[in-house]
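Q: I have a structure on the screen and want to learn how to read it. Can we go through it feature by feature?

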Amino acid sequence: MSRPPLKNSTEFPPKPDFSITILSQTQLLKMVVELTRHIATLFQFSVSDAQKISLAIDEAVTNVIKHSYGNETDRQITIEFFLAAGGMRIRLRYRGLPPDISDEEVNISRMIKNKRKGGLGVKLMKTIMDSVTYKTIDGENCCEMIKWQKVK
Amino acid sequence: MKSFQIRSKMVGGVAVLYLKGHLDAHQVGRFEKELIRVIRDNNFNILINGQELNYITSAGMGIIMGYIDEVREKGGDIKLCSLSDRVHETFDLVGFTEIYDFVPNEQAAIEKFNRIPPKA
């Protein structure tokens with residue numbers, strides 16, 4: 001992260017300011033959370049927002065490990081951080097099964113009745129982040145999340 | 001030291017699960033195993049004490065969601081108490097605070113359980 005942290009622009013740079021590639025292992029989630037929180041705090045997000053952003057990334061990486069890689073532990077996930085004055089974009093790049101994301105509103109009462117244990121992660125991600133998008137190009141999946149800083 | 005710890009004990013007829021630390025998808029199996037054990041022992045008044053819980057993801061919240069209906073069908077409930085503002089906010093982000101019973105502390109939760117006679 002050699003670039004100065006703040007620019008007078010809300011445009012994100014074409015290349016990530018920081019990236020890390022991890023194996024698809026849930027034991028690494030805590031490290032990813034701590035790293036994300038640290039980067040978000042460095043780039044002037046409040047402690048509260050930094051904690052929420054890191055939770056959203058935890059959920060996104062968990063979904064990749066669980067659903068795209070079927071809990072296989074030897075696959076790769078690249079997490080890229082793009083920083084601008086107004087916010088932060090975080091992109092996950094991974095292979096495996098493409099995401100199956102529904103636009104349907106999560107109905108907690110129905111999920112309780114159906115005794116479901118999963119399905120809350122994407123809701124959390126969408127609630128926390130300002131934008132969450134998924135796409136798949138040439139077998140590579142991409143989950144991109146943006147969080148803008150609150151105007152003071 | 002493990003980043004997540006769980007222990008349980010009976011208090012006033014209520015099975016209290018004490019969660020401590022960082023509960024994510026890596027640790028959630030231990031939480032589910034203990035919750036299943038409590039339910040299989042026919043304890044349906046269950047309190048999750050999160051006084052020392054500093055982080056939870058949807059994996060942990062999903063476990064409660066997966067078993068609360070079974071517990072309620074048997075006349076009990078899963079209540080939560082003593083959560084930090086941060087953990088409470090995580091439950092709030094998915095709308096759980098409107099569906100589950102959050103109580104300020106363990107004593108108040110035990111009293112609340114014992115005010116409601118269990119179904120026969």
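This is a predicted model: local features need pLDDT of at least 70, side-chain atom pairs count only at pLDDT 80 or more; totals for chains, interfaces and linings use all residues.

Q: Which residue of β2(B) is the bridge partner of K9(B)?

A: Strands of a sheet pair through backbone hydrogen bonds, either parallel or antiparallel. Here, K9(B) has V16(B) as its bridge partner.

Q: In what order do the strands of the open sheet in chain B lie?

A: The order is β1-β2-β3-β4-β5. Five strands take part, and the pairing is mixed. The edge strands, β1 (4–11) and β5 (101–103) of chain B, each pair on one side only. From one strand to the next, the twist averages 25°.

Q: Which strands of chain B does helix α1 lie across?

A: Helix α1 (residues 28–40) of chain B lies across β1, β2 and β3 (45–56) of that chain. Its direction is at about 180° to β2(B). Helix α4 (residues 106–115) of chain B lies across β1, β2, β3, β4 (77–81) and β5 of chain B. This helix runs at about 155° to β3(B).

Q: Now a single residue. Is N45(B) buried or exposed?

A: Count the C-beta neighbours. N45(B) counts as buried because it has 25 of them inside 10 Å, and the cut-off for buried is 20 or more. N45(B) is found in strand β3 of chain B.

Q: What does N45(B) contact beyond its neighbours within four places in sequence?

A: Its contacts are G13(B), V14(B), A15(B), G76(B), D77(B) and F113(B). Look at G76(B): it is 31 residues from N45(B) in sequence, yet their C-alpha atoms are 4.8 Å apart in space.

Q: How do I read a helix? Which residues of α3(B) are buried?

A: An α-helix has 3.6 residues a turn, so residues three or four places apart point the same way. In α3(B), the buried residues are V87(B), T90(B) and F91(B). They cover an arc of only 100° around the axis, so they sit on the same side of α3(B).

Q: What do the buried residues of α3(B) pack against?

A: They pack against α2 (47–68) of chain A, together with β3 and α2 of chain B. After α3(B) comes G95(B), with a positive phi near 90°.

Q: How many residues of chain B are in contact with chain A?

A: The size of an interface is often given as the accessible area lost when the parts come together. Here we count residues: 23 of chain B are in contact with 24 of chain A. On the chain B side, the elements that give two or more residues are α2 (58–73) and α3 (85–93). The largest share, 10 residues, comes from α2(B). By class, this side has 10 nonpolar, nine polar and four charged residues.

Q: Which residues touch the most other members of the largest nonpolar core?

A: In soluble globular proteins, nonpolar side chains tend to be buried together. The largest nonpolar core has 72 residues, and A56(A), A60(A) and V61(A) touch the most other members. The largest share of this core, nine residues, comes from α2(A). Leaving out residues up to four places away in sequence, A56(A) touches L124(A), M125(A), I128(A), M129(A) and M145(A).

Q: Where is I53(A) placed?

A: I53(A) is in helix α2 of chain A. I53(A) is buried, because 24 other C-beta atoms lie within 10 Å. Not counting residues up to four places away in sequence, I53(A) touches T36(A), A40(A), F45(A), I128(A) and K147(A).

Methods: Residues are numbered from 1 along each chain as its sequence is written. Chains are lettered from A and ligands numbered from 1 in the order in which they are written. Two residues are in contact if their C-beta atoms, placed from the backbone, lie within 7 Å. Helices (H or I, at least four residues) and strands (E, at least two) are DSSP runs, numbered from the N terminus. Ala, Val, Leu, Ile, Met, Phe, Trp, Tyr, Cys and Pro count as nonpolar, Asp, Glu, Lys and Arg as charged, and the others, Gly among them, as polar. Two strands pair if DSSP finds at least two bridges between them. Axes are lines fitted to C-alpha atoms, for helices over the stretch in contact, and angles run from 0 to 180 degrees between N-to-C directions. A residue is buried if 20 or more other C-beta atoms lie within 10 Å of its own, exposed if 12 or fewer, and partly exposed in between; C-beta atoms are placed from the backbone. The arc is that of the directions from the helix axis to the C-beta atoms. A nonpolar core is a set of buried Ala, Val, Leu, Ile, Met, Phe, Trp, Tyr and Cys residues joined through C-beta atoms within 7 Å.
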